[in-house]
Amino acid sequence: MLIFLYTLLFHHLHAKAENTLCRMIGDPKFPLLSKDGDITIGALFSIHSKEILPSFEFTQKAQLISCSSVNLRDFRIAQTMTFAIEEINRSETLLPNVSIGYRIYDSCGARLSTMGAITTLMNGQQFAAGDRCNGQHIHAIIGETESTNTMIVSRTTGPFKIPVISHSSSCECLGNRKDFPSFFRTIGSDYYYSEALALLVKQLGWSWIGTVNSDNDYGNFGMAKFLKTAQEEGICVEYSVKYYRTEPEKLKKAVEVIKKGTAKVIVAYISFLDMGLLIEQLSIQNITGLQIIGSEAWITAKDYINPNSFRVLGGSLGFAVRKINIEGLADFVIKEFWHTAFPCSRRVDNSSQYALSCSKYQHLLVLKNYNEDVPDQRYASNVYKAVYAVANALHSLLKCKEQEGCEKGLTLKPQQVVEALKIVNFTVKFGDRVWFDRFGGIVPLYEIVNWQKDLNGSGQFKPVGYYDASLPPDQRFVLNTENIIWAGGQLEKPKSVCSESCHPGTRKAAQKGRPVCCYDCITCADGEISNETDSNNCQQCPGEYWSNTENTECVLKTVEFLSFTEVMGIVLVFFSLFGVGITLLVAILFYSKKDTPIVKANNSELSFLLLFSLTLCFLCSLTFIGRPTEWSCMLRHTAFGITFVLCISCVLGKTIVVLMAFKATLPGSNVMKWFGPAQQRLSVFAFTLIQVLICVFWLTISPPFPYKNMKHYKEKIILECSLGSTVGFWAVLGYIGFLAVLCFILAFLARTLPDNFNEAKFITFSILIFCAVWITFIPSYVSSPGKFTVAVEIFAILASSFGLLFCIFVPKCYVIVFKPEKNTKQHLLGKTQTKSY
């Protein structure tokens, strides 16, 4: 409201400037430091930090606003400004024959004093009787120190196009050219600073922080940008509090929140004057051990380097304006400043005003010998650049030349100075290039400082890195953490997280209703991994890979197949070879007794062929064991199909011969001529040839092939033989089944033959076993997983082979070996009740 009233007043005054006589309203406000010149530059600095408002009780004499508590930093800045102006006035190349004067006002760091100072600067303070208001008396204004007060200055001077150049007002809001068209600054915008603070917190691995800021434009805009960047970087804020120096209750509440918080890192985006109050409250409540990340407004404030504040702020980190030693400044302050700035002993026109000025600020003279900190001033270079920026702009407007000087009598309008400032581009003596971007600011280079103690126990701001906003994003940040002393004087970096880090092999799972930085660590599911700390998601392993036991890396899946070295494989190999051995023993026994009646009567040729086929059946089971290959896959199924058809064909031939032999005993029958040895061999060959043709067709169209089955088990690969064409596979099995059923029917029909021809009963029983095995094989084959599928198939082959071997040949072997008396022609031809084999 106060700003609005002042602005309205000046618009009114400006509108009537041509025909209104000027008169002073209220008591005059005199500059702290001043000097006349051809061109005048105004300045506002917070040389005092406390404003004492007048009492509004009725008195005969009006009371003025007074200030107290000297702010040494801004006093040094005022000294730097006078140094730069005196240096320019002595220059023969910059504004030759033109002198610059100055009027430096003290704003006390308060809005009311700032308004009073800026109105005085804009309207002048000395008027002769009858003088008309002639508008502007200054060509540019340097300052203010704080962003909030700078906004007051810029809004007030904006309608009059007076350029304002700030050395320390970094609020991003001031870059709005619509609201502040004539504002410039020689410090980087908080747009860069807030982003750099968030990146600093991110780089140091802190994800759980608290924030506190000044409740003014500087703190609110800066914190808003910081919070936005922090959120983008995955940093969580436990709490965000703010206060202003005139609101002690808010300050106490903020400190209470900080005290109760769990975050060990606090980002303090606070103006210089507000920070002193926070330090005081933290000390009173003995809140220590917090890692403070500070803003440039206070992080290098030497006023706060004392044992009490160091107990709270020791180990603080922050970005600071670079410390630059300006050549000649220290000597100027020591030798010339006091004579130049305070000419109280000299008699000049209107000396009463100067005397009043000196008297009012007489207490500043105690600082006359306090000069050892001059080289440590960080904002001095910014003020120096600001003064030189104005000088270079004026130099171009006045068309100054080295030999001829500058044009005299040229009336400069403030808007001209603003436009000239937009295009200045020069280099100061300590090497920095000065130019303003389209927002009136510069691209900053920050120094990262750490609050430490030197060997003498005194506080110092030790550089530990830098941030250069002019470089590419991946090259801007340099930080040496080994040189940092952390909060509480610790050498180990403090941890500030809501939840402990999730180790590799786990992922973060957000806790309901809490910030994303608060999470539980969930172990990755089987087949998924996370190989980095604090992984948000687990990665699925590729097809042939599976997670290790720790879920940290993908390893090749275990390959499973029925091998010769495992127990199951060894057992199956044993029974397969055992079957081969038994079959060979039977064949040897039959061969040795080939001339005996029981061998001859049972069709010895088909018996030997059957024994040969059974040997092949036992051996073909071995092709199912071992790592599947292209050839083994084709061999195992075709060999199995052909050998079993050969086996069943022999049994079928024997069954037919038994039936026909019985028919041949009937009177007048000559059927045996059609079932002699040649016909028997031909029938076996024909039945087998059909199976061979089926297998050839299967191998031609879509043969079996090795296949990695990754569907049945997720954690391992089953190496198996894909059937290729399922039609071919079931055609092979179907043909075997057809012959087996046919053989079973014929054997069943022959079951009533006389006892001496009872081989049909054994064939019936053997085929019944064969069919039972293969009927139960089908569901077992479909449902058995992995290598057990192969084991079931081998078991079916061995079981059916053993069934045929034992049922058909064992009874005969028993008679040959243990009942030789029955192995006679008479016994086989005789009709006796004795059961023969």
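This talk covers some backbone details and one surface patch in this structure.

Keep in mind that the model is predicted.

Let's start with the backbone. Look at Gly143 and Glu144. The peptide bond joining Gly143 and Glu144 is cis. Omega there is about 0°. Where does Glu144 lie? Find strand S6, residues 140–142, and then helix H4, residues 147–157. Glu144 is in the loop between strand S6 and helix H4.

Next, phi angles. Go to Asn286. Its phi is positive, near 55°, and Asn286 is not a glycine. On one side of its loop is helix H8, residues 272–284. On the other is strand S12, residues 291–294.

Now move along to Asn551. Here phi is about 60°. That is again a positive value in a residue that is not a glycine. Is Asn551 buried or exposed? Its relative accessibility is 5%, so Asn551 counts as buried. The cut-off for buried is under 20%.

Last stop, the surface. Which residues make the nonpolar patch? Val567, Val571, Phe574, Phe575 and Phe578 do. The patch has an area of about 490 Å². Take Val567 as one of its members. Val567 sits in helix H15, which runs over residues 567–592. Val567 counts as exposed, because its relative accessibility is 64%. For exposed, the cut-off is over 50%.

To recap: a cis bond between Gly143 and Glu144, a positive phi at Asn286, another at Asn551, and a nonpolar patch that includes Val567.

Definitions and conventions
Residues are numbered from 1 along each chain as its sequence is written. This is a predicted model: local features need pLDDT of at least 70, side-chain atom pairs count only at pLDDT 80 or more; totals for chains, interfaces and linings use all residues. Side-chain values use heavy atoms; hydrogens and water are left out. Helices (H or I, at least four residues) and strands (E, at least two) are DSSP runs, numbered from the N terminus. Buried means under 20% relative accessible area, exposed over 50%, partly exposed in between (1.4 Å probe, protein chains only). Patches are made of residues with over 30% relative accessible area and no salt bridge: like charges are joined within 9 Å, nonpolar side chains (Val, Leu, Ile, Met, Phe, Trp, Tyr) within 5 Å. Accessible areas come from the Shrake-Rupley method with a 1.4 Å probe; for residues, only the protein chains shown count as cover. A salt bridge is a side-chain nitrogen of Lys or Arg within 4 Å of a carboxyl oxygen of Asp or Glu.
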